[in-house]
Amino acid sequence: MAEEVISKDQMNFTIDMLITMVVEELTEEFRKDPKEVLSDFCVSKTGKALYDESTKLWWNGPSYIADMYKEELNANKLKEDASWSEVVKASC
């Protein structure tokens, strides 16, 4: 069976639709403004990875991508908490 080639425009359209669905899901869960969620998502590692063809992240569904983004947020929070603990220890 021949492999079907997807155009760059088709891929970008698919990614844009995925982002719309991911932001909708995250907006409901976080109870935040969709514009804020969209802005934060697009500058995240997860958001950037979506447009990187080599990751094939765009092959996954919106819930998988939303979960991946939430894991990224949790990892960032843990790093911030650890950094804050070091600051507090240093000032004591």
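What follows is a walk through the fold, the nonpolar core and the charged pairs of this predicted model.

Because the model is predicted, local features are described only where pLDDT is at least 70 and side-chain atom pairs count only at pLDDT 80 or more, whereas totals for chains, interfaces and linings use all residues. Residues are numbered from 1 along each chain as its sequence is written, and side-chain values use heavy atoms, with hydrogens and water left out.

The protein chain contains four helices and zero strands, where helices (H or I, at least four residues) and strands (E, at least two) are DSSP runs numbered from the N terminus; read along the sequence, the pattern is α-α-α-α. The predictor's confidence in each residue, pLDDT, runs from 0 to 100, and the protein chain averages 89, with 86% of the residues scoring at least 70. Confidence is highest in H2, at a mean of 97, and lowest in H4, at 82. Of the contacts (heavy atoms within 4.5 Å) with a separation of 6 or more, 60% are between residues 24 or more positions apart.

Buried residues, meaning those under 20% relative accessible area, with exposed over 50% and partly exposed in between (1.4 Å probe, protein chains only), make up 24% of the 92 residues in the protein chain. The largest nonpolar core has 16 residues, a nonpolar core being a set of buried Ala, Val, Leu, Ile, Met, Phe, Trp, Tyr and Cys residues joined through side-chain atoms within 4.5 Å. Helices H1 (8-30), H2 (34-42), H3 (45-50) and H4 (62-91) each supply at least two residues of this core, and the largest share, seven residues, comes from H1. Those with the most contacts inside the core are Leu26, Phe41, Leu50 and Ile65. Leaving aside residues up to four places away in sequence, Leu26 touches Arg31, Val37, Phe41, Ala66, Tyr69 and Lys70.

Two further residues of helix H4 lead towards the region around Thr46. Met68, in helix H4, is partly exposed at a relative accessible area of 30%, and, not counting residues up to four places away in sequence, touches Thr46 and Leu57; Met68 and Thr46 are 22 residues apart in sequence but 6.9 Å apart in space, C-alpha to C-alpha. Glu72, also placed in helix H4, is in contact with Ser44, Lys45 and Thr46 once neighbours within four places in sequence are left aside. Glu72 is buried yet has no salt bridge, and the nearest side chain of opposite charge, Lys45, is 6.2 Å away.

A salt bridge is a side-chain nitrogen of Lys or Arg within 4 Å of a carboxyl oxygen of Asp or Glu, and by this rule the count comes to four. The side chains of Lys8 and Glu53 meet in one of them, at 3.3 Å, N to O; Lys8 lies in helix H1 and Glu53 in the loop between H3 and H4, so this pair ties together parts that are 45 residues apart in sequence. Lys8 is partly exposed, at 44% relative accessible area, and Glu53 is likewise partly exposed, at 41%. In helix H4, Lys70 and Asp67 are three residues apart, separated by about one helical turn, and their side chains meet in a salt bridge of 3.2 Å, N to O. Lys70 is buried at 17% relative accessible area, whereas Asp67 is partly exposed at 37%. Glu29 joins Asp67 and Lys70 in a network of salt bridges, and Lys70 is also among the residues that Leu26 touches.

Key
Lys and Arg count as positive and Asp and Glu as negative; His and the chain ends are not counted.
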